[in-house]
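Here's a quick tour of a protein model for anyone just starting out with structures.

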Amino acid sequence: MRTIRSAPQPRKPRLTTSAMIASIASERQKTKPAPFGHALVELARSRPEVVGMTADLGKYTDLHIFAKEFPDRYYQMGMAEQLLFGAASGLAAEDFMPFATTYAVFASRRAYDFIHQTIAEEDRNVKIVCALPGLTSGYGPSHQAAEDVALFRAMPNMTVIDPCDAHEIEQLVPAIAAHHGPVYTRLLRGQVPLVLDEYDYKFELGRAKLIRDGKDALVISSGIMTMRALEAAQTLKGDSIDTAVLHVPTIKPLDTETILRESGKSGRLVVVAENHTSIGGLGEAIAAVLTRSGVHPRFRQIALPDEFLDAGALPTLHDRYGISTAEVARQIKQWLAPALSANPAKSL
C-alpha cells in the first residue's frame, strides 16, 4: 500500500514569552513610541501645575519620559498604590493637577476605595492613567484588568475613557487636562498603533465619532476594538458586507444622541465590541440606552467572557476570546448569514 503524504504546512512563527506583553500592532502597522509620555511633556511646558506620579511603574506607563524632562515634578511613590492616589488627592487639593499612573488592575482593584473616598467623593482634579487594560497582557488574571471599566463606571464623578491608538492618546491628554474633575483613562503604552490619523479624526471628550459608514452592520467600539473593527470591516468588504464603525472613546458619560441615531438606522445589525468583560462595560451601557429609548435593533456583543482569563501569548489569547481581527470578522459574518442568504442580491 502506498502512503500518501500531505504537503507540508507553512510554519507559524514561534511565539516567545515576549508575546505575552507584545505590542498589539498588526504586522507592518504604523506605530508611535510612548504617545502619552510625550504628550504629557508638551502639556506640562505650558501648565506648571501638572505633576507626574507613579507607583514604581514609570518605565511601564511611559511616565519616565516626563520624569526625564521635569524631574522636580515627578513623584515615585514606590509599590504603594493606595499611597499614590491618596497623595494625588492631596496635591489636587493644593491646586496641582496630578497625572497618576499604574497598571489598570492596581488602580481598579487594589486602590479602588482610596480613589473612591479621596478622589471621586471629593471631586478632585486627578487624572488616573492606567496601562495594561483589558486583555493587553498575557500574564493572567493578576495583570488582566478585564473589569476595570465596570468598576469605574459605577463610581460617581468619574469620567471613563478608552482610547484607540497613539493619535487619540496625544489628543486626549490636553483634553482631559481642560476638564475639571477625576478621569480614568485606559492607556496603550510602548509602541502604540497609529490608526485614526488616516480618518482625519479629532478626539472630543464625551463624543462618539462615526469613522466609516456601512449599510449591513454597525460596530460600536472603544479602545483597541475600534482598530480591530476597522480591520474586520476591510476583511468583510471582500464578502460584500458593508460595515460601519462608530468609535466611542468616552464610555462615561456616553454620547447617547449619536449612539441612538446610528443604532436606529433600519436594517443594520448592531454589534458592540469591547476589550472588557461582557459584564458592566460598554456593551451593557449601550444595551441599557437602547432599551430605555425604545430603539431595538438586532443586537450582539463581542467581549471577554465572565471568567478569569488564561495566561499566554496575546495573539493566541485574542483568538481564543474572540477579539482578534479574524474572530471579529468571523462573528459578524456568522450573525449576518441568515439575513444575507435571504437576499438573493447578496451572498456570502
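Let's start with a charged pair: Lys265 and Glu262 form a salt bridge, with their closest N and O atoms 3.2 Å apart. Bear in mind that this is a predicted model.

**Salt bridges**

- Opposite charges are worth looking for, because side chains of opposite charge can pair when their charged atoms come close.
- Altogether, the model has 22 salt bridges.
- Another one brings together the side chains of Arg45 and Glu69, at 3.1 Å from N to O. This pair links distant parts of the chain, since Arg45 belongs to helix H1 (residues 35-46) and Glu69 to helix H2 (residues 64-69), 24 residues apart.
- Glu69 counts as partly exposed, with 39% relative accessibility.
- Then there's Asp239 with Lys333, a salt bridge whose closest N and O atoms are 3.4 Å apart. Asp239 is in the loop between H8 and E11 while Lys333 is in helix H12 (residues 325-341), so this pair ties together parts that are 94 residues apart in sequence.
- Asp239 is partly exposed at 21% relative accessibility, and Lys333 is partly exposed too, at 28%.

**The five-stranded sheet**

- Look for an open sheet of 5 strands, in the order E9-E11-E10-E13-E14, with mixed pairing. Its edges are strand E9 (209-212) and strand E14 (298-304), each of which pairs on one side only.
- On average, neighbouring strands in this sheet are turned by 25° against each other, ignoring direction.
- What holds strands like these together? Strands of a sheet pair through backbone hydrogen bonds, either parallel or antiparallel.
- Strand E10 (residues 217-221) and strand E11 (residues 243-247) run parallel and are joined by 5 bridges.
- To see how these two line up, find Ala217, which stands opposite Thr243 in E11, and then Ile220, which stands opposite Leu246 in E11.
- Is E10 enclosed or open to the outside? It's largely enclosed by the rest of the structure, because 5 of its 5 residues are buried.
- In a regular strand the side chains alternate between the two faces of the sheet. You can check both faces of E10, and both are covered: Ala217, Val219 and Ser221 are buried on one side, and Leu218 and Ile220 are buried on the other.

- The axes of H9 and helix H10 (residues 282-293) come within 11 Å and cross at roughly 70°. Angles of 65 to 115 degrees count as roughly perpendicular, so H9 and H10 are roughly perpendicular to each other.
- Where they touch, Thr256, Ile259, Leu260 and Ser263 in H9 meet Ile286, Val289, Leu290 and Ser293 in H10.
- How many charged residues take part in this contact? There are none: the contact of H9 with H10 has 5 nonpolar and 3 polar residues.

- Lys252 and Pro253 are joined by a cis peptide bond, with omega about 0°. To find the spot, look in the loop between strand E12 (250-252) and helix H9 (256-263), where Pro253 lies.
- Asp123 isn't a glycine, yet its phi is positive, at about 55°. Asp123 is in the loop between helix H5 (112-120) and strand E5 (127-131), and it's partly exposed, with a relative accessible area of 34%.
- Ser240 isn't a glycine either, and its phi is positive at about 60°. You'll find Ser240 in the loop between helix H8 (224-237) and E11, partly exposed with a relative accessible area of 46%.

Terms used
Residues are numbered from 1 along each chain as its sequence is written. This is a predicted model: local features need pLDDT of at least 70, side-chain atom pairs count only at pLDDT 80 or more; totals for chains, interfaces and linings use all residues. Side-chain values use heavy atoms; hydrogens and water are left out. Two strands pair if DSSP finds at least two bridges between them. Helices (H or I, at least four residues) and strands (E, at least two) are DSSP runs, numbered from the N terminus. Axes are lines fitted to C-alpha atoms, for helices over the stretch in contact, and angles run from 0 to 180 degrees between N-to-C directions. Buried means under 20% relative accessible area, exposed over 50%, partly exposed in between (1.4 Å probe, protein chains only). A salt bridge is a side-chain nitrogen of Lys or Arg within 4 Å of a carboxyl oxygen of Asp or Glu. Angles under 35 degrees count as roughly parallel, over 145 as roughly antiparallel, 65 to 115 as roughly perpendicular and the rest as oblique. Contact means heavy atoms within 4.5 Å. Ala, Val, Leu, Ile, Met, Phe, Trp, Tyr, Cys and Pro count as nonpolar, Asp, Glu, Lys and Arg as charged, and the others, Gly among them, as polar.
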